[in-house]
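Work through the exercises below with the model open. Try each task before reading its solution.

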Amino acid sequence: MEDERSFSDICGGRLALQRRYYSPFCREFCVSCPRLSLRSLTAVTCTVWLAAYGLFTLCENSMILSAAIFITLLGLLGYLHFVKIDQETLLIIDSLGIQMTSSYASGKENTTFIEMGKVKDIVINEAIYMQKVIYYLCILLKDPLEPHKISQVVPVFQSAKPRLDCLIEVYKSCQEVLTHQKATSTNP
Amino acid sequence: MVAEFRSEDLGAPLLREEEGHFHSVTGPRESEATGKMVEKSPSPLPERAIYGFVLFLSSQFGFILYLVWAFIPESWLHSFGLSYWPQKYWAIALPVYLLITVIIVYVLLFGINMMSTSPLSSIQIVTDNYAKNQQQKKYQEESIPALRDIPISEVNQMFFLADNFTPKTELNCL
């Protein structure tokens, strides 16, 4: 079963949340950020090249212009490969664990897997971020030796930063899986 | 506003300073109040008025001295016999240093605040030592429950999973 809805992130940009239910308790949530817009790309390129041309008129050295072209190209490639995240996915499998994938605009994918024994809970937490207070979804991890203490906090959807309505959908769905997992697990 | 309330309460004398003059409207001072409370309250007192006036006079004197030192040529000052002054360079340099410090402090304070905000993955946002070691008091009927730190999982379940909330009202309260 698959469905898609559109939400917005904390800055007001459009996001799309895609939910796939592979089995009753194996679910995937995919948040996709808007693609790199042509407007911002041309704006950045124009400012860099205008600044380089300004420097060129001051210094009369044509290397500055070639350097500006290289910087723009390398900067764009680096941005697409290291910074611009297109899609973030959260896959939760009740008996196995939780997997988070970030896929960059250049095609690179970054995956993190947390086994279910380490997962204490998935919660929506509020925190101060820059000058705002935002809601974000995070996975609370526990040390199997001390099951009542929180050992680590792993925030998810860090670059997409969806708003509360999107987070509530994901939260409710994950809680169904987690309660089922706790009910059927053999550990006390 | 708090000072107003306290001075009415204690009956301490009201003081007003207007451009160098000050007159006090005396009233009965509450001596029944404990000595500590009178010492630490921010209400106006005669001793504080005297301190304030001394400070005012000395600051005016310091300012006139600074102007004299900055403007009067050194030869005149030497002819009066006052020969041991700092270089006049400092008459310009110190105020400039002070202003730049003020501007940098604005930027620095903002930066320090940003740096000391915990990152989103920090465990300090969720719980801390006091919450972990708190004692659980037994629940008694018909009395206000004791104050305690509720774990975040319970809070989330109450906010987002309870069936009696509609999403609109819940988002309005949050």
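**Exercise 1. Surface of chain A**

What is the accessible surface of chain A, and what percentage belongs to carbon and sulfur atoms?

Solution. First, the setting: this is a predicted model, where local features need pLDDT of at least 70, side-chain atom pairs count only at pLDDT 80 or more, and totals for chains, interfaces and linings use all residues. Residues are numbered from 1 along each chain as its sequence is written, chains are lettered from A and ligands numbered from 1 in the order written, and side-chain values use heavy atoms, without hydrogens and water. Next, the value: the accessible surface (Shrake-Rupley method, 1.4 Å probe) of chain A is about 10800 Å². Carbon and sulfur atoms hold 60% of that area.

**Exercise 2. Fold and extent of chain A**

State the order of elements in chain A, then decide how spread out the chain is.

Solution. Count the elements: chain A has three helices and nine strands. Helices are DSSP runs of H or I with at least four residues; strands are runs of E with at least two. Read from the N terminus, the order is β-β-β-α-α-β-β-β-β-β-β-α. The radius of gyration of chain A is 21 Å, well over the 16 Å from the globule rule for 188 residues, so the chain is more spread out than a compact globule. That radius is taken over C-alpha atoms, and the rule is 2.2 Å times the number of residues to the power 0.38. Finally, take the principal axes: the C-alpha trace of chain A spans about 75 × 35 × 30 Å.

**Exercise 3. Annotated spans**

Solution. The unreviewed UniProt entry places the feature at residues 36-56 and 62-82 of chain A. Such annotations may be inferred rather than shown by experiment. Residues 36-56 are 90% helix and 0% strand, with end C-alpha atoms 29 Å apart. Residues 62-82 are 95% helix and 0% strand, with end C-alpha atoms 30 Å apart.

**Exercise 4. Chain B beside chain A**

Give the elements of chain B, then list burial and contacts for both chains.

Solution. Chain B has eight helices and two strands. Buried residues (under 20% relative accessible area, 1.4 Å probe, protein chains only) make up 14% of its 174 residues. In chain A they make up 40% of 188. Now take contacts (heavy atoms within 4.5 Å) between residues at least 6 apart in sequence. In chain A, 45% of these join residues at least 24 apart; in chain B, 25% do.

How values were computed: Buried means under 20% relative accessible area, exposed over 50%, partly exposed in between (1.4 Å probe, protein chains only).
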